Structures are given as structure tokens and as C-alpha cells.
Amino acid sequence: MTDLIQYVPALILLLVIGAFAGVMAGLLGVGGGIILVPAFYYAFDALGYGGDQLMQVCLATSLATIIVTSMRSVSSHHKKGAVEWDILKKWAPGIAVGAVLGMLTVSSLRSSTLQGIFGFLGIFIGFYMAFGKATWRLGDEMPAGLKRNIISPFVGFLSVLMGIGGGSFGVPLMSLHGIAIHRAVATAAGFGVIIAFPSVIGFLFVDVAADSAPPFTLGAVNIPAFLVVISMTLITAPIGAKLAHRLDAKMLKRIFAVFLIVVATNMLRKAAGY
């Protein structure tokens, strides 16, 4: 009984993390991963886990939750006819290849390096969320042929390096090429499944040292964190979606962008050893 009681604070912390990630995902349309990765890191670190592979556990566990949330999101968007299946089918092979390469890269990097990567890319995404405009365009249709074959693996690769789904890179990519925002969000959810599924399978076979692995970690995926967060996000995401219709979405997005930049900057600080 004493052994079980010592995990109660961790359970409460994970419940709060899952609830917050779900609300923010529903409220702002951002993937939970951009919140979950730093939240997992600070939670596991507070519980006494560290080592060179802790970020691997955070990234892998975040991606595991994305499998479930993205599948649910795609199903919901498909019922509304919002998913661009032609784009999804053509971009899927390259994204999947990039995701696998990302998993292999993550499994070979130290936590400090992964923190630096997350911090740099997080700041980039934060500034885009804060200052990006819906009117910006790089083209009137999605890249095809060689250009698609070059870009698509980068979407999968960079997403796995951050432990996130398809939204943070996929939505801007599609919006910049003339895809309506609601269709871009719907299709990017499909990107999330393609990114997370193969990478998580690989992460299940990664050997993580004991000092970086919280209890009940399978490969690099922490099972309790996965189950608790999934349960909470499925409950709270609809709450966030309802709030989105009542609040100023643009202002909230800018506030979240500032939050993300602060978190990402702190990750860079930790990566630098300060």
C-alpha cells in the first residue's frame, strides 16, 4: 500500500497535465504534444527522474497519446467532410519515412540536445502563432512531385523531434498553399496519425536506462502517463472547443504563443546547462 501511495502525487500531476492539454487543444486547435512534452519533462524531473534519456520518454509518450487523439479528431472531421483525403494519401509516405528517421534520431540523442531542438523549434512555432496571418501565401496549391517528396519527410522528422502531431507544421504548410484553415486542421490531424503510429512502434523497442524511466515504462513510452493523459484529454477537449466559441480566439492564440515561447526558452536554458 505504501508503494502505491507514493505514486498519488504523480497521478494527480498527470491528471492536471492531461486536463490542461485537452482544454488548450480544443480551445486553440493546437496539438496536445506541444504542451505535453515540456509538462512530462517537468513532472518526471520533479519526481526524481533525469538522465540522458528522459526527453526520449517525454517525446515517445506524447506521440503515443497523439495516436488516439488524432484518430478521434480525423473521425470527427471526416463526418463533417473536412478532411482532404487526396492530400493525406499523397503526403503520407514521405511523412511516415520522416517519422521513422525522426524516431531513430531521437533514440540516439541526449536529453540536453533534444531540449535544445524542442526549444528552438518551439520558439519558431510560437512566433508564427503570434504574428502569422491567414492571408500569407507561398502558392495556390500544395507542392507536388519532387518538392512534395522533399518537404513531406521533413514534416514527419521535425514533428517527431518535438514529440508533436501534424498540426504545428502541417496547418501552416497547408494554409500557406491556399487550403482553408478548417480543412487544413482536419487534414493535419491525419498527418498526426501517420507521424505518431510508426514512431511509437519504434520507441517501444528503445532501451531506456533506469534513471530516465519512470515506473511502468515500456521501451520509451510511459504507460501510466499515456493512459491518464488520454483519459483526461478526451474529457476536456470538448470543453475547450465550447469555450473557443465564446472567447476571442486570436487573443488567446497570442497569449498561448507567449506561453510557448517562454517554455521553449526555458528548455533552451536547460539545454545550455543553466
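Q: How many of the nine residues of helix α8 (residues 167-175) are buried?
A: This is a predicted model. Buried means under 20% relative accessible area. Helix α8 is largely enclosed by the rest of the structure, because the buried residues number eight of the nine.

Q: Which residues of α8 are buried?
A: Helix α8 spans residues 167-175. Its buried residues are Ser168, Phe169, Gly170, Val171, Pro172, Leu173, Met174 and Ser175.

Q: What covers the buried residues of α8?
A: Several helices contribute to the cover. Among them are α5 (85-106) and α6 (111-131). The cover also includes α3, α7 and α9.

Q: Is glycine 166 buried or exposed?
A: Glycine 166 sits in the loop between α7 and α8. Its relative accessibility is 2%. The cut-off for burial is under 20%, so glycine 166 counts as buried.

Q: Which residues is glycine 166 in contact with, leaving aside its neighbours within four places in sequence?
A: One of them, Val171, is among the buried residues of α8. Phe191 and Ile195 also touch glycine 166, and both take part in the contact of α9 with α7.

Q: How are α7 and α9 set to each other: parallel or oblique?
A: Helix α7 covers residues 145-162 and helix α9 residues 181-203. They pack at an angle of about 60 degrees, with axes 10 Å apart. Angles from 65 to 115 degrees would be roughly perpendicular, and those under 35 roughly parallel. The two helices are therefore oblique.

Q: Which residues make the contact of α7 with α9, and how do they divide by class?
A: The crossing of these helices is right-handed. On α7 the contact uses Val155, Gly156, Ser159 and Val160. On α9 it uses Phe191, Ile195, Ser199 and Phe203. By class they are five nonpolar, three polar and no charged.

Q: How is α3 set to α4: antiparallel or oblique?
A: The axes of α3 (residues 33-46) and α4 (residues 54-79) come within 9 Å. They cross at roughly 140 degrees. Roughly antiparallel would need an angle over 145, so α3 is oblique to α4.

Q: How many charged residues does the contact of α3 with α4 have?
A: The crossing is right-handed. From α3 the contact takes in Gly33, Leu36, Val37, Phe40, Tyr41, Phe44 and Asp45, and from α4 residues including Leu54, Met55 and Val57. Eleven residues are nonpolar and four polar. The charged count is one.

Q: How many residues apart in sequence are the parts that the pair of phenylalanine 20 and phenylalanine 259 ties together?
A: The structure holds six aromatic pairs. In this one the ring centres lie 6.2 Å apart and the planes at 75 degrees, an edge-to-face pair. Phenylalanine 20 belongs to α2 (residues 8-28) and phenylalanine 259 to α11 (residues 249-271), so the parts tied together are 239 residues apart.

Q: Which residues do ring pairs link into a cluster?
A: Phenylalanine 20 is partly exposed at 36% relative accessibility. Phenylalanine 259 is also partly exposed, at 39%. Ring pairs link them with one further residue in the cluster Phe20, Phe256 and Phe259.

Conventions:
Residues numbered from 1 in each chain as written. Predicted model: local features only at pLDDT ≥ 70, side-chain atom pairs only at ≥ 80, totals over all residues. Heavy atoms only, no water. Axes fitted to C-alpha atoms, helices over the stretch in contact; angles between N-to-C directions. Helix = DSSP H or I, 4+ residues; strand = E, 2+ residues; numbered from the N terminus. Left-handed = near helix turned anticlockwise from the far one by under 90°. Contact = heavy atoms within 4.5 Å. Nonpolar A, V, L, I, M, F, W, Y, C, P; charged D, E, K, R; others polar. Buried < 20%, exposed > 50% of the residue type's maximum accessible area, 1.4 Å probe, protein only. Phe/Tyr/Trp six-rings, centres within 6.5 Å; stacked < 30°, edge-to-face > 60°.
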